Amino acid sequence: MQILLVGAGLSGAVIGRFLAEAGHQCRIIDRRPHIGGNCHTRRDDETGVMMHVYGPHIFHTDDRQVWDYVNRFAEFLPYRNRVKTTVGNKVFSLPINLLTINQFFGKALRPDEARDFIASRADHSITDPVSFEEQALRFVGADLYEAFFKGYTEKQWGCSPRDLPASILKRLPVRFNYDDNYFFHRYQGMPRQGYTQMIQAILDHPGITVELNTDFSPDMSRQADHVFWSGPLDGFFDYRLGRLGYRTLDFERFTYDGDYQGCAVMNYGDRAVPYTRITEHKHFSPWEDHRHSVCYREYSRAAGPDDIPYYPIRLVREKALLEEYLTKARQTRGVTFVGRLGTYRYLDMDVTIRESMDTAQMFLTHLKNGKAIPAFLTDA
Ligand SMILES: Cc1cc2nc3c(=O)[nH]c(=O)nc-3n(C[C@H](O)[C@H](O)[C@H](O)COP(=O)(O)OP(=O)(O)OC[C@H]3O[C@@H](n4cnc5c(N)ncnc54)[C@H](O)[C@@H]3O)c2cc1C
C-alpha cells in the first residue's frame, strides 16, 4: 500500500518503519525543515553543544521492548534526571525529598520523623479536595505548597492552582529518603548523538521517503491508500469547531563562558521570576567536554494560532471541544490519528513509541482480516 504519514516525529517515524518493514511504501512529510518533531536535537553552531531544541528530553521507560527498540537505533548512555529549584534565593533538590525537607525546615530528620513532621503540617481540615491547591495543602501543608508548587504551577499553566483539578496531584508528592532521581523507571538514558540521529536511523529504510518543508494538502491523501496523521487533531479539520487549547513555550537563548548553573535543569518557583526554568544543555551530555555553555530561559504561555503547541490543556472547555473533534474524526475514513497532537494527549516518548508500534501492528491485522481501519487505534 501507499501510506502517507503526516509528521516526521517519533510517531510518524516508528509507524513508518514498522509498515515499511512489512513491505508498504511510506511517504512521510513534515512542515518543519527537520525530522524528529519536538524531540529534535542538533549541535549548536556557536558552542558545539547538543541542544534539545524544543525543551529537555530524558528517555525513561519500564517497557523492555521499547528500550530494546531505541537501543537498536542509537547508543544510549546512562543519564539520571536530577532537577534543582531556586526558591527565595535558596537552592533545593527536587522532587521534594528528605534533603529538601531537612534543608527547607533547617532540620536533621530521619525518614519516619520526616513523615510525621510533614503529616503534622498538612491541612487535615480538607477532607474532599476539589482543586490542585486543596490537594497540595492536604498533602504537604502551606509552607511546602507555597514554595514548591504555587508559583511554578501558576507560571506553567497560566492560572491559579485553585482552578486546576485535584487529580493532577494523585499521590503524596514527597519522598522520605534521599532519592533525587526524577523518574522511577528501570531504563533511563540519553542517546549519545541526540534524538534526531536516532530518528534518522529509524527512517533509514528503502520503503521510506521523507519530505521536509512540506505542509499537508488534501490532494496528498487522494494519492495514498491510508493516512496516519500526527499533526493537531483540530488542524486536520481546519479548526472549524474552534481551537483546542495548548500551552506553548518561549525559549530565550544565552551563552556563558564556563558552567552557568552546574546542572541541566534549574526550576524557579518564585512567582516574581517570570520564567519557569533554565536548562543548560551541555549537562544533558555529561560525557562531552565543552568550555562554553548554552542555556535556555523557558517561559510558558497560552498558545496562539501561530505558536508551536506543546502541552494540551485538557480542562473543561477543551474536553467538550475534544469530544466534538473525536466524533468528527471517527466519521472520517482513510485516516488514523496518532501521537501527542493527533490524540491531544501529553505522551512521553516511550508511550509514543509503544502506541506507534501497537498502532502499526493493529493496522496490519485489520488489513489482513479485511476490516476497515478505525480513526483511532489507541485511546484518545
Ligand atoms: C517541553 C517538552 C518536554 C518533553 N520532555 C520529555 C521527556 O523528558 N521525556 C519524554 O519521554 N518525553 C518528553 N516529551 C514528550 C515528547 O516530546 C513526545 O513524546 C514526542 O514528541 C511525541 O512525538 P509525536 O511524533 O507524536 O509528535 P511531534 O514530535 O509533535 O511530531 C509531530 C510532527 O508533525 C508535524 N506536523 C504537524 N502538522 C503538520 C502538517 N499539517 N503538515 C506536515 N507536518 C505537520 C510537526 O511539524 C511535527 O514535526 C516532552 C514534550 C515537551 C513538549
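Five strands build an open sheet in the order β10-β2-β1-β11-β17, and their pairing is parallel. The edges are β10 (208-211) and β17 (335-337); each has a single partner strand, so one side of each is left without a neighbour in the sheet. Neighbouring strands here are turned by 20° against each other on average, direction ignored. The model is predicted.

Within this sheet, strand β11 (residues 226-229) runs parallel to β17, and three bridges join the two. V227 stands opposite V335 in β17.

A second open sheet has seven strands, ordered β8-β7-β13-β14-β15-β12-β16. Its pairing is mixed. The edge strands are β8 (90-93) and β16 (311-312), each pairing on one side only. Inside it, β14 (residues 277-280) and β15 (residues 292-302) pair in the antiparallel sense over four bridges. T279 has Y296 in β15 as its bridge partner.

| Strand pair | Sense | Bridges |
|---|---|---|
| β11 and β17 | parallel | three |
| β14 and β15 | antiparallel | four |

Now the ligand. The ligand is surrounded by 33 residues. The closest are G7, G9, G37, G231 and G339. By class, the shell holds 13 nonpolar, 13 polar and seven charged residues. Three helices each supply at least two shell residues: α1 (10-21), α10 (339-342) and α11 (349-368).

Two of these helices, α1 and α11, also meet each other. Two packed helices are described by the angle between their axes and the distance between the axes. For α1 and α11, the axes come within 9 Å and cross at roughly 35°. The crossing is right-handed. On the α1 side, the contact uses L10, S11, V14, I15, F18 and L19. On the α11 side, it uses M349, T352, I353, S356, M357, T359 and A360. What classes of residue make up this contact? Nine are nonpolar, four are polar and none is charged.

One annotation comes from a record. In an unreviewed entry, UniProt places the feature "domain: UDP-galactopyranose mutase C-terminal" at residues 147-346. Over residues 147-346 the chain is 24% helix and 24% strand. The end C-alpha atoms of that stretch are 26 Å apart.

How values were computed: Residues are numbered from 1 along each chain as its sequence is written. This is a predicted model: local features need pLDDT of at least 70, side-chain atom pairs count only at pLDDT 80 or more; totals for chains, interfaces and linings use all residues. UniProt positions are given in the numbering used here, feature names are shortened, and annotations may be inferred rather than shown by experiment. Two strands pair if DSSP finds at least two bridges between them. A residue is near a molecule or strand if its C-beta atom, placed from the backbone, lies within 6 Å of it. Ala, Val, Leu, Ile, Met, Phe, Trp, Tyr, Cys and Pro count as nonpolar, Asp, Glu, Lys and Arg as charged, and the others, Gly among them, as polar. Axes are lines fitted to C-alpha atoms, for helices over the stretch in contact, and angles run from 0 to 180 degrees between N-to-C directions. A crossing is left-handed if the near helix is turned anticlockwise from the far one by less than a right angle, and right-handed if clockwise. Two residues are in contact if their C-beta atoms, placed from the backbone, lie within 7 Å.
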